[in-house]
Amino acid sequence: MKRTAATILATAALLLATTGCGGDDSAGKTGADGSKQVTLTLNWVPYGEHAPFYYGLQKGYYSAEGIDLKILPGNGSGNTVKQVAQKQTDFGWADSPVLLKSVASGMPVRSLGAYLEKGPSSVEFFTEENIKTPADLKGKTVGGTPGDALYATFPAWLEKNGLKKDDVKVVNVDAAGKIAALAEGKVDAIMGFFHDQAPTIESKTGKKVDVLLFADYGMNLLGTGLVANTQTLQKDPELARKFVRATQKSWADAARDPAGAVSAMTALAENEPAPEVLTKQLTLNLPLIGAEGPPGVNTEAQWTETIDLMSRYAELKNPGAPNAYWDASYAAQG
């Protein structure tokens, strides 16, 4: 049965109240039917990227692992990782560059695998701008949000593509206001995650949107993936294995049945985009999943590249080896 927004928020509030800032050891509480009650907090309010979770929920993949899953909306990857660190949620779905910064700041969290191996970081603009390559950005104004990985790495991306920092005017825009800034003509383009924002922009404006992906022009940052508290991994590694196994199956099968994933999300989520927008978002999302092996299985080389880029351009202090941020063993069990 579809839960209302009030129900979702009430559930989140109850969870926060019972765990407090420091949390407790409540990961995977056992329900009356013997299943483990588990929460997953998303990086944002539901959009197309999240459809595989709802697909697995509807298909019973989590319940088959003994998991009674509740999916909660998020308010940015940074907040989601903090909730995982404070044990206010059992698992999180968050952007990998944010995870790196969180670990570096001392948060007891690890990635269980980035599912978007090709990062969605991009520059988005209306087709009418006739921007075909990074060189066409010269003289344009681009909206970005200070503090995020896109903003930090954008100057280096320009340099990689033969442009100087001053060739493009960067306008600081709040994350929530980027789409409006583009739609209202305040900027020529915006930095963002194209698979989420481009279909939304097209729906709101009726105009066609084109994008330049960072990954297609020399700079790939791993995208979103699962995050867990290190104490959870130490105390109940089997729960994490089951959760990852169900998630990998959900993502693999949703990729083969996008229409079913959209239908599941429409039935189970709340405040999700319109079906046509949701379908576009999921369609753009699927090619970002790694082509080889199960979803969420990464390589050390992929993590090393992201760590190096964040260290050089995004002030990742004292960068460590991939295993300082990522536990490869869980997705490998899928």
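Q: What should I know before I start?
A: Residues are numbered from 1 along each chain as its sequence is written. As a predicted model, local features need pLDDT of at least 70 and side-chain atom pairs pLDDT 80 or more, while totals for chains, interfaces and linings use all residues; side-chain values use heavy atoms, without hydrogens and water.

Q: Which residues touch the most other members of the largest nonpolar core?
A: A nonpolar core is a set of buried Ala, Val, Leu, Ile, Met, Phe, Trp, Tyr and Cys residues joined through side-chain atoms within 4.5 Å. Buried means under 20% relative accessible area, exposed over 50%, partly exposed in between (1.4 Å probe, protein chains only). Here, the largest core has 42 residues, and Leu-40, Phe-53, Phe-91, Leu-112, Leu-226 and Phe-243 touch the most other members. Helix H9 (residues 237–256) gives the most to this core, seven residues. Another core, of 40 residues, lies apart from it and includes Met-191 and Phe-193.

Q: Why is strand E11 largely enclosed by the rest of the structure?
A: Helices (H or I, at least four residues) and strands (E, at least two) are DSSP runs, numbered from the N terminus. Six of the six residues of E11 (residues 224–229) are buried, so the strand is largely enclosed.

Q: Which strand does E11 run antiparallel to, over five bridges?
A: Two strands pair if DSSP finds at least two bridges between them. Strand E4 (residues 91–95) is joined to E11 that way, and strand E5 (residues 109–114) also pairs antiparallel with E11 over five bridges. Ala-228 of E11 is the bridge partner of Phe-91 and of Arg-110.
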